[in-house]
Amino acid sequence: MIEVSGLKKYFSTGLFGKKYIRAVDGVDFEIEKGESLGLVGESGCGKTTVGRLILRLVEPTEGKVIIDDTNLFELSKKDMRKLRHKMQIIFQNPDASLNPRMRIGDCIAEPLKLYKIVSKERMNDKIMELIETVGLNPEHVNRYPHELSGGQNQRAVIARILAINPVFIIADEPTSALDVNVQAQILHILRDVKDKFGLTCLFISHDLEVIKIMTDRVAVMYLGKLVEIGKTDKIFNDAKHPYTKALLSAIPVADPDVKRKRIILKGDMPNPMYPPSGCRFHTRCQYSEKICEIEEPSLIGNGHKVACHLQ
Ligand code: SF4
């Protein structure tokens, strides 16, 4: 359903804008209809920028995003607006997604009116239906966002998104601003509505435990590029790339008798303005060889793809 190819975003910076931060530097992947793809990586790896590029909230430097045979980057603003209701994003901070001066019911009614989804007579019933779908109570309709908790506001955001019958949703760290006890509830709702409405999802998170339960496949991103992509169980049980292995080794184990050897990476992620030559991960990789500094590995494989010279 969704095909992303050669996606790049360079932000110009420095004196006269002559330097470039290579936030996304050639990313390719597909998402099948009804599938949920997880995008993981450290902060600053470019995963949020990928999400915003797909929805054209940020204009790309290069590349294509094809949805149902249409390249979104070739659409005029007017045509893009017509398609926009099909593709929605859930941001990290629900409070920033809702108008603080509007009651929750009005926030949900707004897109229903804008896209003429239901008649005036059906409006209240539709709002109540959506409120119930996301587990809010009827009395929440008359409350303002500041009168609700973060979790309740995130439910209202999901209801507002569902109001316009999207087919593709990007969830960008949808639970990381919420209390731990609320996170699981929101994840359950997201999984339920994904199944109920047959949604296709891109789930962006740095939390691998969340990715494990929410996705069918996982793409691992490092310094603007994908380094590994495959089915979720393959990535979690048989990761190939040294960076993926390091990320997985950091997941806490609940069983005190099970000891997992933590892989500590050297240093910090390099500056995306000056990415390392060859394999971008070579400055932190314990297996790095001469070739890794010179030649950039391609993302290769059948289904489970890895960008590493040693695979
Ligand atoms: Fe490490 Fe070399 Fe593989 Fe890069 S290509 S991950 S540096 S072994």
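Two strands are taken to pair if DSSP finds at least two bridges between them. Strands themselves are DSSP runs (E, at least two residues), numbered from the N terminus. The model is predicted, so that local features need pLDDT of at least 70 and side-chain atom pairs count only at pLDDT 80 or more, while totals for chains, interfaces and linings use all residues. Residues are numbered from 1 along each chain as its sequence is written, and side-chain values use heavy atoms, with hydrogens and water left out.

An open sheet of seven strands shows mixed pairing and the order 6-7-8-3-9-10-11. Strand 6 (87–90) and strand 11 (305–306) lie at its edges; each has a single partner strand, so one side of each lacks a neighbour in the sheet. For strand 6, four bridges in the parallel sense connect it with strand 7 (residues 168–172). Ile-170 of strand 7 is the residue opposite Ile-89.

Strand 9 (residues 217–222) pairs with strand 10 in the antiparallel sense, over six bridges. Within strand 10, Ile-229 faces Ala-219. Strand 10 (residues 225–231) is largely enclosed by the rest of the structure, because six of its seven residues are buried. Buried here means under 20% relative accessible area, exposed over 50%, and partly exposed in between (1.4 Å probe, protein chains only). Strand 10 also runs antiparallel to strand 11, to which two bridges join it. Glu-228 has Val-306 of strand 11 opposite.

Strand 1 (residues 2–13) pairs with strand 2 in the antiparallel sense over 10 bridges. Phe-29 in strand 2 stands opposite Val-4. Strand 1 also pairs with strand 4 (residues 62–67), again antiparallel, over five bridges. Glu-62 in strand 4 is the bridge partner of Lys-8.

A surface patch of negative charge gathers Glu-3, Asp-28, Glu-30 and Glu-32. Patches consist of residues with over 30% relative accessible area and no salt bridge, like charges being joined within 9 Å and nonpolar side chains (Val, Leu, Ile, Met, Phe, Trp, Tyr) within 5 Å. A salt bridge is a side-chain nitrogen of Lys or Arg within 4 Å of a carboxyl oxygen of Asp or Glu. Asp and Glu count as negative, and the place of a charge is taken as CG of Asp or CD of Glu. Glu-30 belongs to strand 2 (residues 19–31) and is partly exposed, with a relative accessible area of 44%.

Conventions. Accessible areas come from the Shrake-Rupley method with a 1.4 Å probe; for residues, only the protein chains shown count as cover.
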